[in-house]
Amino acid sequence: MRRSFNRFSRPDSADLASGLLSLNQPDSMNGVYGSSAATNFLRDAAGGADSVDVITIGDSNTGYSNAGFGGGGGGWTRAWLRNMNAYGIQTYASPLMPLMANSGVTLTTQTVRDEDGTISTIAGYFSNVSAPYTNVQRGSTAGPADVTNMAVPATTFLPHALTGFDYCYVASGVSVQTFSQLNGTYPGGAAPSPALPTWNQPGTALRYRVTHVQSSTSGGSLNLTAYRVTSGSYFALATTNASTYNAAGYVRTASDMPFTMPSTSPASAIIFGWNYIGFATGPAHVLYDCVYKVTKGCAVNQLHYGSGQSSATISGVITGSTASNRTFLRTYFSEIVARQVAAGGSGRVIIWINSGINSAVGGYTFVGYMDAMISTLTAEWSAAGFDSSKLAFVVSATHPLDGYSSATEALLAEDRQWLNSWAPANRNVTALDLSQCLSGPQLTAAGYYTGTGVGESHLTQAGYNAVMSIAVQKLLSKP
């Protein structure tokens, strides 16, 4: 059982006296401290024995949008995916994304992009739904409370720079249709350069997946479709109808639509949706969608991209999410696991938590925030019915600074030291010391900061990739 750290206890408490938080640095594998659970997950995925989903949580560095990566799709989130690919773990799925944000009535799109030979996801908005627009409503304001409790957290998560998790609600007896939806696999109708990676080459069998909640009211259906758009002409690739009825009441489920990736010549946009061109009819409660391949591999899902947020704020978002009878985290974890299992994995997840650049605090307090988040996430994982052996955490304080705010870097160094000492006493928790991947002077010499002064708060995407390349190698090499 994981040993908990009471962040409200005094520094001279029994916890510290017992050595749980001893400031003597433990032995490490070059900056990796604590559990080998994440290491085992990554090794098995690299060897083709199993799959792993990574869930990222943190401040703006989690999805920093430098050099056009946009929408929270950059930063550590992109670097995790790129480097797992580089070490032989192929992508098996695009990120699990909400289909509606919790601001206004804006549905979300995700674009599976191809840059540097990897897949990333960039989220945007559209509002060109028809028949009529008001027939698609924001679930948290118009939908049933039972579904809202299941699909919407009590606090505001910011996945991929969106304004939160919500769901699409279509009332009984009305229909809705759109002409712009998920996943332009060849963005803008242009052929990708370089070529698509292995997981979705032309001729590959893929599946478009929609997570929704059924109800005991009959008559509703979704219309899962995939179209290839070439020079303004639409060619249907696949279509599947999915019922929204379940006599048992509100039940979360997922519907899959198989299709085969077409040739890249001529250049085409591949567009999917649950009501794309064809109509969906209510009642319908639609939560997430993604594209996946039946194979073992990896996927990276951004749960919270708290741009400008302190460790205290991020911790509050995670720990407060279960208020008001909300079971969002259980729903989210359940779909991550169900999708991975459908693709051939066993349901393993690594949660990466990284923060500290905003309103830095001392190590004792910083560890307390990390512990509180891990406690909540572990409890909700267990409440969803999953074994703790399938869940691992990798935690870190942000990258080192080199001249900007020596006071902040001193606190970050303290945070790293405390994390490194704390992690070994906590089951399934690995501390990753980013200062032992690349130092501040090394980041400067390589041009990996976005600028001088406050520009050291973020890295270029090349910088995130370089640090994470070393980090993944260290994790894979840990005894």
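Trainee: How many disulfides does a search of the whole structure find?
Mentor: The search finds 0 disulfides. Keep in mind that this is a predicted model.
Trainee: What about C298, buried or exposed?
Mentor: C298 has a relative accessible area of 0%. The cut-off for buried is under 20%, so C298 counts as buried.
Trainee: And C437, buried or exposed?
Mentor: C437 is buried too, with a relative accessible area of 8%.
Trainee: Changing topic. Where is the place of T225?
Mentor: T225 lies in strand 11, which covers residues 221-230. Its relative accessibility is 3%, so T225 counts as buried.
Trainee: Which residues is T225 in contact with, leaving aside its neighbours within four places in sequence?
Mentor: The contacts of T225 are then A238, T239, M257, I271, F272, G273 and Y276.
Trainee: What separates the C-alpha atoms of T225 and I277?
Mentor: A distance of 8.0 Å, although the two residues are 52 residues apart along the chain.
Trainee: Now helix 6. Which of its residues are buried?
Mentor: Helix 6 runs over residues 311-319, and its buried residues are S311, I314, S315, V317 and I318. These cover an arc of only 155 degrees around the axis, so they sit on the same side of helix 6.
Trainee: What do the buried residues of helix 6 pack against?
Mentor: They pack against strand 2 (52-59), strand 17 (298-306) and strand 18 (349-355), along with helix 7 (328-343) and helix 8 (363-383).

Definitions and conventions: Residues are numbered from 1 along each chain as its sequence is written. This is a predicted model: local features need pLDDT of at least 70, side-chain atom pairs count only at pLDDT 80 or more; totals for chains, interfaces and linings use all residues. Side-chain values use heavy atoms; hydrogens and water are left out. Helices (H or I, at least four residues) and strands (E, at least two) are DSSP runs, numbered from the N terminus. Buried means under 20% relative accessible area, exposed over 50%, partly exposed in between (1.4 Å probe, protein chains only). Contact means heavy atoms within 4.5 Å. A disulfide is a pair of cysteine sulfur atoms within 2.5 Å. The arc is that of the directions from the helix axis to the C-beta atoms.
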